[in-house]
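Trainee: I would like to learn how to read the features of a model like this one. Please start with the ligand.

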Amino acid sequence: MKKGIKDFIKLKKKGDPLAWVTAYDYPFSYCAEQAGIDMILVGDSGGMVQLGYETTNPVSMSEMLTMAKAVRKGAPDTFIIGDMPQGSYEISTNLAVENALRFVKEAGCDAIKCEGGRRIADKVKAIVDAGILVCGHLGLTPQSTSSFGGYKVQGKSIISFENILKDALGLQEAGVFAVLLEAMPAESSEQISKHLTIPVYGIGAGPYVDGQLLIMHDILGLYQPFRPKFAECFIPEIILEYCTYLDSIKDVHSMGVETRRDGLLVLVQLTLEIYIRKVKNKTFPREEHVYQLSEKALSKLQNSEYWIR
Ligand code: KIV
């Protein structure tokens, strides 16, 4: 059965982490749903990992909609978030609402995500007022990496931490159902999580948040140019089990033409099952996936008037 925000809040209250993954097409979203994923993000990262762009900036609304429609077909019973590409929400509240509605009406998404805090709070509020669920995205926001001077970990200094916290509170006030934090030290994201009442999820934000997101292509080792510290490819852990399974199939034709389970689909599903299991039993992320603060940097951060002990 499809999960929704009530389920996500229940998970948060119980302290059970939620597992989500990106997907951009029919077969991979099918595998994610079969594996039991809680939620799928049709990220604009699809522009890089699927379409081969160098950044997410060139991604258009029509490319996002094509990907989102395919994902919905592959995962009819999963909560799907459509990622608003750069230029689709910043210019005016009307444009933001119009494009958010396209994700819901044309692609069947359950929610949308956009990058930024207080500077886009009016757009977020307008989308929420139109009856659409919104997930915030703070920390390292790839659409504006040039303003950070590249892909840099965020929330390490007092100024950066307090800005992200104020942005997160601004988004909560504007009505988002959750906030995603990207590439932040675990202690900073834990603090943001303590200040908010809504779920706080992380991608490269350490273990003290309400759930983990990873890029599908990082989990499968499918993207060559770059793999961030927080990502893990789970294929090596499953490949033996997969080969044993293949060996156990005596005659693939006996499975029936329509139900043959002898290919990549099974491997991807098994790999995603490991990722989900590790998020749920809190063995992912491990220390090596987490951005560390020096003792000096941490004690400076703890001087923030917003630091909860
Ligand atoms: O586009 C995407 O996949 C994202 C994640 C990096 C958070 O926004």
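Mentor: In this predicted model, an oxygen atom of the ligand is 3.0 Å from an N or O atom in the side chain of Asp83. A polar contact here is a pair of N or O atoms within 3.5 Å; within protein, one must be able to donate a hydrogen and the other to accept it, and residues adjacent in sequence count only if both atoms are side-chain atoms. Residues are numbered from 1 along each chain as its sequence is written, and side-chain values use heavy atoms, with hydrogens and water left out. Because the model is predicted, local features need pLDDT of at least 70 and side-chain atom pairs count only at pLDDT 80 or more, while totals for chains, interfaces and linings use all residues.

Trainee: How many residues are around the ligand, and which come nearest?

Mentor: A residue is near a molecule or strand if one of its heavy atoms lies within 4 Å of it. There are 13 residues around the ligand, and Gly43, Asp44, Ser45, Asp83 and Lys113 come nearest. The side chain of Asp44 has an N or O atom 2.8 Å from a ligand oxygen, and a polar side-chain atom of Lys113 lies 2.9 Å from an oxygen atom of the ligand.

Trainee: At what angle do helix 4 and helix 5 pack?

Mentor: Helices (H or I, at least four residues) and strands (E, at least two) are DSSP runs, numbered from the N terminus. Axes are lines fitted to C-alpha atoms, for helices over the stretch in contact, and angles run from 0 to 180 degrees between N-to-C directions. Helix 4 (residues 61-74) and helix 5 (residues 93-105) pack at about 20°, their axes 10 Å apart. Helix 4 is therefore roughly parallel to helix 5; angles under 35 degrees count as roughly parallel, over 145 as roughly antiparallel, 65 to 115 as roughly perpendicular and the rest as oblique.

Trainee: Which residues of helix 4 and helix 5 meet?

Mentor: Contact means heavy atoms within 4.5 Å. Met61, Met64, Leu65 and Ala68 in helix 4 meet Asn99, Arg102 and Phe103 in helix 5. By class, this contact of helix 4 with helix 5 has 5 nonpolar, 1 polar and 1 charged residues. Ala, Val, Leu, Ile, Met, Phe, Trp, Tyr, Cys and Pro count as nonpolar, Asp, Glu, Lys and Arg as charged, and the others, Gly among them, as polar.

Trainee: Where do helix 2 and helix 4 stand, parallel or oblique to each other?

Mentor: Helix 2 (residues 26-35) packs on helix 4 at about 40°, with axes 7 Å apart, so helix 2 and helix 4 are oblique to each other. Tyr26, Ser29, Tyr30 and Glu33 in helix 2 meet Ala70, Val71, Lys73 and Gly74 in helix 4. The residues of that contact divide into 4 nonpolar, 2 polar and 2 charged.

Trainee: What should I look for in the backbone?

Mentor: Most residues other than glycine have a negative phi, and most peptide bonds are trans. Ala183 has a positive phi, near 50°, and sits in the loop between strand 6 (178-182) and helix 9 (186-195). The peptide bond from Phe284 to Pro285 is cis, with omega near 0°. Pro285 belongs to the loop between helix 12 and helix 13 (295-301).
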